[in-house]
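Reader: I have a model open and some questions about it. Can we take them one by one?

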Amino acid sequence: MDRIKRKYIARKMRKQRVRKKIVGTSKRPRLAVFKSLKHIYTQIIDDEKGITLVAASTLSPELKNSLTTAGNIDAARKVGQLIANKAKEQKIYSVVFDRGGNPYHGRLQGLAEAAREGGLKF
């Protein structure tokens, strides 16, 4: 098995292990993060109803034109601020953070810190 496939399988298993414990409710929905090499995507999800309440990414119309590069920490911080602002509009103040099996550093850490500064509690 090559290195990339092992890395993908390990991330997938970490994601499953984390998702067993983290569940979004109506009072405290789940802030799910997915990152690719070029972009970062976030959603606030109510798992009880199975619906996405708020979503933001580097491809969102509010950010797309203002970003020079979408795959760096600065872009992740802007997405964190955007998701926090959209959550406030929907009167969501507390969430459960789901890092999606990714390590908590770099872009993920920048996004989380910006969301906290924007008013989300997790």
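Reader: In which helix is the place of Ile9?

Author: This is a predicted model. Ile9 belongs to a nonpolar surface patch with Met1, Tyr8 and Met13. The helix that holds Ile9 is α1.

Reader: Is Ile9 buried, partly exposed or exposed?

Author: Its relative accessibility is 32%. Buried means under 20%, and exposed means over 50%. Ile9 therefore counts as partly exposed.

Reader: Which element gives the most to the lining of the largest pocket?

Author: The pocket has a volume of about 460 Å³. Two elements give two or more residues to its lining, α1 (3–21) and β1 (30–35). The one that gives the most, with six residues, is α1.

Reader: How many charged residues are in the lining of the largest pocket?

Author: The lining includes Arg3, Lys7 and Arg11. By class, four lining residues are nonpolar and two are polar. The charged residues number six.

Reader: Which residues are linked with Arg30 in a network of salt bridges?

Author: Arg30 forms a salt bridge with Asp47, with N and O atoms 2.9 Å apart at the closest. Arg30 also meets Asp98 in a salt bridge, at 2.9 Å from N to O. The residues linked with Arg30 in the network are Arg19, Asp47 and Asp98.

Reader: Is Asp98 buried or exposed?

Author: Asp98 sits in strand β4, 68 residues from Arg30. The cut-off for buried is under 20% relative accessible area. At 2% relative accessibility, Asp98 counts as buried.

Note on methods: Residues numbered from 1 in each chain as written. Predicted model: local features only at pLDDT ≥ 70, side-chain atom pairs only at ≥ 80, totals over all residues. Heavy atoms only, no water. 1 Å grid on protein atoms, 1.4 Å probe; cavity = no way out; pocket = protein on both sides within 12 Å on 5 of 7 lines; lining within 4 Å. Points joined across faces, edges and corners; volume = space filled by probe spheres on them. Helix = DSSP H or I, 4+ residues; strand = E, 2+ residues; numbered from the N terminus. Nonpolar A, V, L, I, M, F, W, Y, C, P; charged D, E, K, R; others polar. Patch = residues over 30% accessible without salt bridge, like charges linked within 9 Å, V, L, I, M, F, W, Y side chains within 5 Å. Areas by Shrake-Rupley, 256 points an atom, 1.4 Å probe, with all protein chains shown as cover. Salt bridge = Lys/Arg side-chain N within 4 Å of Asp/Glu carboxyl O. Buried < 20%, exposed > 50% of the residue type's maximum accessible area, 1.4 Å probe, protein only.
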